[in-house]
Amino acid sequence: RLHVPSPINQIVLHPSSSLLAVTADDLTVRVFDLTTRKLVRSLDGHVNRITDCCISPDGRWVLSASSDCTLRVYDIPSSR
């Protein structure tokens, strides 16, 4: 069981790894490792609803788009 403290908007499963990206109403993208069932990263920065999210094919990057007219690119290993 994975805990997300806010209503979930989108779930994205990376096809060749155990990474799961979850966007929620609290404007945060959370990355979970499904093998360990642990939160790997909590990524924030948007100031309006997250409208889309994806994980790069190599599993290194999370991209998110928001109604605040921004696109954010996060490096999963460094959280930047």
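I took helices (H or I, at least four residues) and strands (E, at least two) as DSSP runs, numbered from the N terminus. This is a predicted model, where local features need pLDDT of at least 70, side-chain atom pairs count only at pLDDT 80 or more, and totals for chains, interfaces and linings use all residues. Residues are numbered from 1 along each chain as its sequence is written, and side-chain values use heavy atoms, with hydrogens and water left out.

**Entry: aspartate 75**

I looked up aspartate 75 and found it in strand β7, which covers residues 71–75. Is aspartate 75 buried or exposed? I call a residue buried under 20% relative accessible area, exposed over 50% and partly exposed in between, with a 1.4 Å probe and protein chains only. Aspartate 75 has a relative accessible area of 6%, so it is buried.

Next I listed contacts, meaning heavy atoms within 4.5 Å. Leaving aside neighbours within four places in sequence, aspartate 75 is in contact with Arg60, Trp61 and Arg80. I then checked polar contacts. These are pairs of N or O atoms within 3.5 Å; within protein, one must be able to donate a hydrogen and the other to accept it, and residues adjacent in sequence count only if both atoms are side-chain atoms. The side chains of aspartate 75 and arginine 60 make such a contact at 2.6 Å.

I also took the C-alpha distance from aspartate 75 to arginine 41. It is 9.9 Å, for residues 34 apart in sequence.

**Entry: arginine 60 and the rings**

Arginine 60 came up again. It lies over the face of tryptophan 61, 5.4 Å from the ring centre. The rule asks for NZ of Lys or CZ of Arg within 6 Å of the ring centre and within 35 degrees of the ring normal.

**Entry: the sheet**

I count two strands as paired if DSSP finds at least two bridges between them. I found an open sheet of 3 strands in the order β5-β6-β7, with antiparallel pairing. Its edge strands are β5 (50–55) and β7, each pairing on one side only.

I went through the pairs. β5 and β6 (residues 61–66) are joined by 5 bridges in the antiparallel sense. Cysteine 54 has leucine 63 as its bridge partner in β6. β6 and β7 also pair in the antiparallel sense, over 5 bridges. Here the partner of valine 62 in β7 is tyrosine 74. The hairpin of β6 and β7 has 4 residues between the strands, and cysteine 69 takes a positive phi near 70 degrees there.

**Entry: the β3–β4 hairpin**

β3 (residues 29–33) and β4 (residues 38–43) pair in the antiparallel sense over 5 bridges. I found serine 42 in β4 as the bridge partner of arginine 30. With 4 residues between the strands, this hairpin has arginine 37 at a positive phi near 60 degrees.

**Entry: two loop serines**

Where is serine 17? I placed serine 17 in the loop between β1 (8–13) and β2 (19–24). Its relative accessibility is 33%, so it counts as partly exposed. A polar contact of 3.0 Å joins its side chain to that of histidine 14. A polar atom of the serine 17 side chain also lies 3.2 Å from the backbone nitrogen of leucine 19. To threonine 35, 18 residues apart along the chain, the C-alpha separation is 9.2 Å.

Serine 56 is in the loop between β5 and β6. It is buried because its relative accessible area is 10%. Not counting residues up to four places away in sequence, serine 56 touches His14 and Trp61.
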